[in-house]
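The following exercises ask the reader to examine a structure step by step. Each task is followed by a worked solution.

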Amino acid sequence: MTLLAADSLRSPLVRLRGIGKRFGPVQVLRGVDLDIFGGEVLVLAGENGAGKSTLIKILGGVHTDFDGTIEIDGQVVRPRSPLEAAALGVAIIFQELSLVPTLTVADNIFLGRPLTRRGFVDDAGQRAAARRLLDQLGLDIDVDQRVEDLSIAQQQLTEVAKALARDARVIVMDEPTSALNAPEVEKLFGLIADLKARGCGIVYITHKMEEIERIADRIAVLRDGEHVGAAPAAELPPAKLVNWMVGREVEHQFPRHAGQPGAERLRLDGFSVWRNGRGNRPTVEGVSFSVHAGEILGVGGLQGSGASDLFGGLFGAYGAQVGGQAWLDSRPLAIASPRRAIDQGLAWLTNDRKATGLVLPLSIIANATLADLPRLSTAGWRRPPLEIAAAREQGATLALRAASLDMEVGLLSGGNQQKVALAKWLQTRPRLLLLDEPTRGIDIGAKREIYQLMNDLTARGLAILLITSELPELLALSDRLVVLHRGRLTAEFSRAEATPEKVLAAAMGRA
Ligand SMILES: Nc1ncnc2c1ncn2[C@@H]1O[C@H](COP(=O)(O)OP(=O)(O)OP(=O)(O)O)[C@@H](O)[C@H]1O
Ligand SMILES: [Mg+2]
C-alpha cells in the first residue's frame, strides 16, 4: 500500500495549471499554477504589477485569450465571459468595480442573471431578495438607489452582495477593503468567515499586512508574473512573505526622520467648508491649525469627519464655498478654483484616483504632466520632449512599472495607477501637498519608497497634510496630528503624545 501525501487527499475546487498571458509583446504571466480549496482563505500576494488581477480575470472569464488550463471540480473549463464564470460558481469582486452606475442596487445585484417569474423579470422578487442579502450583510443600503449615488464603500459592499446572489463557491476579492472603514471591514471579515464555514473557497488579494495576518489560511505569491510558491500562512511570517514578494530583504518600517520645522506654511483660522452649498451645514466647521515647512501634519478622523472636505475646500474644489481665514506663507490664500490653488503652490492627491485623480484613457505622460502644463509649455505651445522627460523622471522616482510611458493609464495595475496620480502632483513642485490615502493599493516595498520620498520632500521644505485610514502609518509619519470629528477639530497631538487610543477617542468625538 502506498501512502498518499496529505495534499492529494484534499482535491482543490479550482486548479489552474501553466497559466500564461501576454498583452501584445508583454508577457505578464508565465506558467502559473494555483490551487484553490473549499473552506479556505487563500491570500494572493505580490508586488504592484506582479499579475494578480490579471490571473483572477482569467479565472473570471474577463481575459479569454491565455495559455494553460483551468479545472473546476476536476473538469477542464474555459469561461468566455464573467457570466459563464458565474455559472461555473466563480464570482469576482474586481479591483475596479464593475457595477453599472445608472442602474439601481437591486438591478445590479441581479444583472445578467435576473430572477424570473413565468418568464418575466420578477422585479418585486429581486428587490426583496436584494434587501435580504443586504440585511444579511448588515448593510443599510436602499435597493432602489442608483449605484452612482452610493459611496465607494457602499459600492464595494454591493459587489459582495452581488457575488452572494450568485451562490458562488469560489469568491475572489481583489483589494476589497481599499475604501472601507473599520466597522465595514469587520462586517466583510465576518462574512468571509461564514462563507468559509459553508465550504466556499475565498481568494483574497491585499497589500495590507494586518489583513493577511488576520484572515489568510494559505498564501500564494506571484512575482513578475511567475508563481513563487504557496504555503500555509503559519509558515510564512511577514518578513519571509515580503522576501518572496520582492526577492530580497526589505525592512517594513516607517523611516520618518523629522527635521527642524521651518516657517509657517499654512495657517487656518476658523476655516469652514460648505461642500454641499451654503444652504446646508458646513462639512468642515471653524477649524484652526497651522503647518510648517518641512512638517508632516496628520489629519485624523473616521469617515465623514470632514478631513477630505478640508482638503477639497482648501484646493478650491468647491469654488469659494469656504469661510474663515487661510494664509499661505503669511499671505491670504485665494480660494476659487483648483487652477488657482495649483498656481499658488498647492497639490491635492484625492482618495479616489479613478474619479478625480486620473484620466484613464490617456497615457502616463499625459496624466503625469496634466497639472503642470503651463510650466511645460512655451507661450501656449506644448513641448512634448519636456513632457516625456518629466514623466520619465517622476516614473523613476516612484519606481513606476509600465511597459512604456505611452501606455494608457487605465491599463496599468492598480498600484501603478496610484503612482501616476502621485507623479502628477509631484510634477507641479508644490509648496503644500495634500495627501489623501497616498499608499492605497501600493505594495509593501513601494510603500517604503513613498515614505522615503515624503521624507526627502519635507527635508527640502515642502509641507504635507496627510490623511490615511491606516492608523500605524498616520502615527508613524505625522510630526503632529490634528483630529476631526463631524467637521470640527477635537484634538491636536505631538507625535510623542499621540497613541492609537487617544486618536481614536478624539476621532469619535470623545476627547
Ligand atoms: N489590458 C491590458 N493591456 C496591457 N497591459 C495590461 C493590461 N492589463 C494589465 N496589464 C499589465 O499587466 C501587468 C500585471 O498587471 P496586474 O493588474 O495583473 O497587476 P497586479 O498584481 O494586480 O498589481 P496591483 O497590486 O498594482 O493591482 C501590469 O504590467 C499591467 O500594466
Ligand atoms: Mg491588481
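Helices (H or I, at least four residues) and strands (E, at least two) are DSSP runs, numbered from the N terminus. The model is predicted: local features need pLDDT of at least 70, side-chain atom pairs count only at pLDDT 80 or more, and totals for chains, interfaces and linings use all residues. Residues are numbered from 1 along each chain as its sequence is written, chains are lettered from A and ligands numbered from 1 in the order in which they are written, and side-chain values use heavy atoms, with hydrogens and water left out.

**Exercise 1.** Describe the surroundings of Asn-367.

*Solution.* Step 1: locate the residue. Asn-367 belongs to helix 13, which spans residues 364–369.

Step 1: judge its exposure. Buried means under 20% relative accessible area, exposed over 50%, and partly exposed in between (1.4 Å probe, protein chains only). Asn-367 is buried because its relative accessibility is 0%.

Step 2: list its neighbours. Contact means heavy atoms within 4.5 Å. Leaving aside residues up to four places away in sequence, Asn-367 touches Leu-358, Val-359, Leu-362, Val-409, Val-420 and Lys-424.

Step 3: find a polar contact, that is, a pair of N or O atoms within 3.5 Å; within protein, one must be able to donate a hydrogen and the other to accept it, and residues adjacent in sequence count only if both atoms are side-chain atoms. The side chain of Asn-367 comes to 2.7 Å from the backbone nitrogen of Val-359.

**Exercise 2.** In what order do the 4 strands of the open sheet lie, and which helix packs on the sheet?

*Solution.* Two strands pair if DSSP finds at least two bridges between them. The order is 2-1-4-5, with antiparallel pairing. Strand 2 (26–36) and strand 5 (75–77) are the edge strands, each pairing on one side only.

Step 1: inspect one pair. Strand 1 (residues 14–23) and strand 2 run antiparallel and are joined by 7 bridges. Within this pair, Ile-19 is opposite Val-32 of strand 2.

Step 2: place the helix. Helix 2 (residues 52–59) packs on the sheet and touches strand 1, strand 2 and strand 4 (67–72). The directions of helix 2 and strand 1 make an angle of about 115 degrees; axes are lines fitted to C-alpha atoms, for helices over the stretch in contact, and angles run from 0 to 180 degrees between N-to-C directions.

Step 3: Helix 2 is largely enclosed by the rest of the structure, because 8 of its 8 residues are buried.

**Exercise 3.** Which side chains make polar contacts with ligand 1?

*Solution.* Step 1: survey the site. A residue is near a molecule or strand if one of its heavy atoms lies within 4 Å of it. Ligand 1 is surrounded by 19 residues, the closest being Lys-52, Thr-54, His-207, Ser-413 and Gly-415.

Step 1: read the distances to oxygen atoms of ligand 1. They are 2.9 Å for a polar side-chain atom of Asn-48, 2.6 Å for an N or O atom in the side chain of Thr-54, and 2.8 Å for one in the side chain of His-207.

**Exercise 4.** Where does Glu-175 lie, and is Glu-175 buried or exposed?

*Solution.* Step 1: Glu-175 is in the loop between strand 9 (170–174) and helix 7 (182–197).

Step 1: Glu-175 counts as buried because its relative accessibility is 10%.

Step 2: Although not a glycine, Glu-175 has a positive phi of about 50 degrees. Most residues other than glycine have a negative phi.
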